[in-house]
Amino acid sequence: MGKYYLNYLDELESEAIYILREVYAQFQNPVILFSGGKDSILVTHLAKKAFYPCKIPFALMHVDTGHNFPETIQFRDDLVEKLDARLIVGSVQESINEGRVQEEKGKNATRNALQITTLLDTIEEHKIDCAIGGGRRDEEKARAKERFFSHRDDFGQWDPKNQRPELWNLLNGKHFEGEHFRAFPISNWTEMDVWNYIKRENIQIPSLYLAHEREVVKRSGSWIPNSEFLKLEENEEILTKKIRFRTLGDITITGGIESDADTLEKVALEVSTMRQTERGNRSDDKRSETAMEDRKRDGYF
């Protein structure tokens with residue numbers, strides 16, 4: 001009898017689908033954390049595959065900071081309509097208006113950390129017991145500590161020392177009232193894997209990931225997009241550059257790179273030659289050596 005072998009993308013796909021089905025089996029009200037970025041789009045595509053021909057059994061949940069790329073919001077709405085999915089939106093602006101959080105001031109002000117309160121409030125309001133994210137271990141050292149099923153206590157906090165063992169791919173989603181889990185089906189994927197899979201599956205992504213002309217400002221070694229939220233310093237100049245974004249966050253903190261990669265094939269080739277992590281142009285991760293881990297301990301994605 002002949003042997004059957006999967007290539008590495010098929011193995012990663014199979015692993016992710018197994019985790020998504022485990023989430024559905026073990027939790028009562030799970031959601032997909034959807035930002036409109038490539039990783040959350042990939043997770044949504046995998047969920048579609050995992051439960052075909054039925055609809056995705058998870059709602060999509062977006063924590064809207066109000067400082068998003070307009071292209072990202074449009075992509076989100078188009079995809080939700082196409083999938084006939086339920087969309088849950090948590091608004092950071094509402095959290096600010098209600099006095100739940102205080103907006104930062106100054107040149108490098110960002111709403112990124114403010115998402116934590118909105119995220120946890122939305123999880124509590126909708127009684128969500130598992131939030132499926134697109135985090136990957138190769139993105140950042142704090143995310144390298146994550147398990148597939150990441151336990152959060154009744155304050156929504158993450159303790160890397162208090163995670164469940166996952167021997168033989170046995171996943172334990174048991175939790176007490178008020179606690180919840182984050183699940184990361186694509187933890188073992190690299191940025192290169194993501195692009196090769198997107199290319200293979202011909203998955204639609206926002207045009208922001210492909211090289212295009214855009215007004216930008218050079219700040220902290222990154223090309224920050226010009227927007228109504230950007231406060232210019234006296235010595236800063238708005239330039240038009242052909243850039244693309246490796247990762248998407250708020251328009252105020254997401255740095256682009258100069259690039260001519262305007263197709264999926266060119267992007268994959270470009271990524272294969274890079275030595276800096278894709279979050280290297282995110283200004284929120286440059287605030288301190290432990291910026292990501294500090295936010296995760298407080299309940300961040």
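# Briefing: packing, cores and backbone features

Leu264 counts as buried, at 16% relative accessibility, where buried means under 20% relative accessible area, exposed over 50% and partly exposed in between (1.4 Å probe, protein chains only). The model is predicted, so local features need pLDDT of at least 70 and side-chain atom pairs count only at pLDDT 80 or more, while totals for chains, interfaces and linings use all residues. Residues are numbered from 1 along each chain as its sequence is written, and side-chain values use heavy atoms, with hydrogens and water left out. The protein has 301 residues, of which 53% count as buried. Its secondary structure comes to eight helices and 10 strands; helices (H or I, at least four residues) and strands (E, at least two) are DSSP runs, numbered from the N terminus.

**Leu264 and its surroundings**

- Leu264 lies in helix H7.
- Setting aside neighbours within four places in sequence, Leu264 is in contact with Trp195, Ile198, Lys199, Ile205 and Leu210; contact means heavy atoms within 4.5 Å.
- Across the protein, 73% of the contacts between residues at least 6 apart in sequence join residues at least 24 apart.

**Packing of H1 against H6**

- Helix H1 (residues 8-26) packs on helix H6 (residues 191-201) at an angle of about 95 degrees, and their axes are 11 Å apart. Axes are lines fitted to C-alpha atoms, for helices over the stretch in contact, and angles run from 0 to 180 degrees between N-to-C directions.
- H1 is therefore roughly perpendicular to H6; the classes are roughly parallel under 35 degrees, roughly antiparallel over 145, roughly perpendicular from 65 to 115, and oblique for the rest.
- From H1, the residues Tyr8, Leu9, Asp10, Leu12 and Glu13 meet Asp193, Asn196, Tyr197, Arg200 and Glu201 of H6.
- The residues of this contact divide into four nonpolar, one polar and five charged. Here Ala, Val, Leu, Ile, Met, Phe, Trp, Tyr, Cys and Pro count as nonpolar, Asp, Glu, Lys and Arg as charged, and the others, Gly among them, as polar.

**Nonpolar cores**

- The largest nonpolar core has 53 residues, and Phe58, Ile132, Trp189 and Trp195 have the most contacts inside it. A nonpolar core is a set of buried Ala, Val, Leu, Ile, Met, Phe, Trp, Tyr and Cys residues joined through side-chain atoms within 4.5 Å.
- At least two residues of this core come from each of H1, helix H2 (38-50), helix H3 (70-83), strand E4 (130-132), strand E6 (180-183), H6 and helix H7 (264-272).
- H1 gives the most to this core, with seven residues.
- Trp189 touches Leu12, Glu13, Ala16, Leu42, Leu46, Arg136, Asp138, Val194 and Tyr197, with residues up to four places away in sequence not counted.
- Another core, of 14 residues, lies apart from the largest one and has Val31, Ala59, Val63 and Leu114 among its members.
- In soluble globular proteins, nonpolar side chains tend to be buried together.
- In helix H5 (residues 115-125), the buried residues include Ile116, Leu119, Leu120 and Ile123, and also Gln115, Thr118 and Thr122.

**Aromatic pairs**

- A search of the whole structure finds nine aromatic pairs. Rings of Phe, Tyr and Trp (its six-membered ring) pair if their centres lie within 6.5 Å; planes under 30 degrees apart count as stacked, over 60 as edge-to-face and the rest as tilted.
- Tyr24 and Phe58 form an edge-to-face pair, at 6.4 Å centre to centre with 70 degrees between the planes.
- This pair links distant parts of the chain, 34 residues apart: Tyr24 is in helix H1, and Phe58 is in the loop between H2 and strand E2 (59-64).
- Tyr24 is partly exposed, at 48% relative accessible area, whereas Phe58 is buried, at 2%.
- Tyr24, Phe51 and Phe58 are linked by ring pairs into a cluster.

**Backbone features**

- Tyr52 and Pro53 are joined by a cis peptide bond with omega of about 10 degrees, and Pro53 is in the loop between H2 and E2.
- Asp84 is a residue other than glycine with a positive phi, near 55 degrees.
- Asp84 sits in the loop between H3 and strand E3 (87-91) and is exposed, with a relative accessible area of 51%.
- Asn169, also not a glycine, has a positive phi near 60 degrees.
- Asn169 is in the loop between strand E5 (149-152) and E6 and is partly exposed, with a relative accessible area of 39%.
- Lys127, which follows H5, has a positive phi near 55 degrees.
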